[in-house]
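Please look over this predicted model with the questions below in mind. Each one asks how a label was reached, and each reply sets a value against a cut-off.

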Amino acid sequence: MTTTHPLPTAAGSGANASEAFRASAGRVGAAGTDTERVSLLVSSTLEAVHAVIREHEVTYPEFQAAKAWLMALGEGGEWPLFLDVFVEHEVEQVAEKAQRGTAGTIQGPYYLPDQVRLPAVATLPMRTDEKGDRLVFSGQVTDLDGAPLAGAEVDFWQADADGYYSGFAPHLPDGNLRGVITADDEGRFAITTILPAPYQIPTDGPTGAMIAAAGWHPWRPAHLHLMVRADGHRQITTQLYFSGGEWLESDVARATKDELVLSPEKRDDGTHRVAYDFVLEPA
Ligand code: DHB
Ligand code: FE
């Protein structure tokens, strides 16, 4: 793990994830929220803001600075980035209370659907000179009783060894380090990829500016992103982290959970190997 790679710019890392969000039909639109609930949620949100203003005696210059910053956040297309780092974890923790099976965590802004389909034993698409130690990540998908879920899908995406995501960072080939793996008849799979690097929120956009102005750090620990799905079962969206990894205890997105931390073993051939099994509850 290293923190020495160059500072990610908003343009270089693709901080504008608005388009990808709008295209994701499942997450946008009809939440079925009735008037009463809208009134409750909007008035509670405003009351929380009013309470901050009263408690901390927010000044006119501070109010106008906040307004300018919110405008910049929208104009820079950083609302998905900002909300997924600073808010999504709370929504996920509410959702989690009604769930069984493998723990979920935030999806973040960098999921792209319809990636290349791969067999149960596969290597993720990567550049011929892809940087980073090789990681072989294997596992089995079962139901709550431990019965294998044949043909389950593991929809996988991750940052490269510099912390950038394909489809967003313009210098990366489309589909790099992304793929949908179909597990075998026993629900098993083995994916060869690389160890990702910690991810740094772009420092020159409005989200980065706010983090710097507040004196916080902009890091997420290295992680793999997955959605695991099987017919008749609830899809899980989760991430896996690496034990001992930098920022594991201080994720800016507060999306780590102890049960989602991997401890890969380094083999003599230089590859890191680890297994993790997924348990899905009925839909
Ligand atoms: C963000 C980036 C991630 O890679 C992630 O997993 C979660 C959030 C973000 O920049 O918003
Ligand atoms: Fe991520």
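Q: What makes up the shell around ligand 1 when its residues are sorted by class?
A: The shell around ligand 1 in this predicted model holds seven nonpolar, four polar and two charged residues. In total 13 residues surround the ligand, and the closest are Leu 81, Tyr 165, Tyr 199, Arg 220 and His 225.

Q: Why is Arg 220 called buried?
A: Arg 220, which lies in strand 8 (residues 219–220), has a relative accessibility of 4%. Buried means under 20%, so Arg 220 with its 4% counts as buried.

Q: How do you know that Tyr 165 makes a polar contact with ligand 1?
A: A polar side-chain atom of Tyr 165 lies 2.9 Å from an oxygen atom of ligand 1, and a polar contact is a pair of N or O atoms within 3.5 Å, so the pair qualifies. An N or O atom in the side chain of His 225 is likewise 2.9 Å from an oxygen atom of the ligand, while for Leu 81 a backbone N or O atom lies 2.9 Å from a ligand oxygen.

Q: How much of the area that ligand 1 exposes when taken alone does the protein bury?
A: Taken alone, ligand 1 exposes 290 Å², and the protein buries 100% of that. The ligand sits in the largest cavity.

Q: Which elements give two or more residues to the shell around ligand 1?
A: These are helix 5 (79–86) and strand 9 (223–229), and helix 5 gives the most, with three residues.

Technical notes. Residues are numbered from 1 along each chain as its sequence is written. Chains are lettered from A and ligands numbered from 1 in the order in which they are written. This is a predicted model: local features need pLDDT of at least 70, side-chain atom pairs count only at pLDDT 80 or more; totals for chains, interfaces and linings use all residues. Side-chain values use heavy atoms; hydrogens and water are left out. A residue is near a molecule or strand if one of its heavy atoms lies within 4 Å of it. A polar contact is a pair of N or O atoms within 3.5 Å; within protein, one must be able to donate a hydrogen and the other to accept it, and residues adjacent in sequence count only if both atoms are side-chain atoms. Accessible areas come from the Shrake-Rupley method with a 1.4 Å probe; for residues, only the protein chains shown count as cover. On a 1 Å grid over the protein atoms alone, a cavity is a set of points where a 1.4 Å probe fits but cannot get out, and a pocket is an open set with protein on both sides within 12 Å along at least five of seven lines; lining residues have an atom within 4 Å of a point. A molecule sits in a cavity or pocket if more than half of its atoms lie within 2 Å of its grid points. Helices (H or I, at least four residues) and strands (E, at least two) are DSSP runs, numbered from the N terminus. Ala, Val, Leu, Ile, Met, Phe, Trp, Tyr, Cys and Pro count as nonpolar, Asp, Glu, Lys and Arg as charged, and the others, Gly among them, as polar. Buried means under 20% relative accessible area, exposed over 50%, partly exposed in between (1.4 Å probe, protein chains only).
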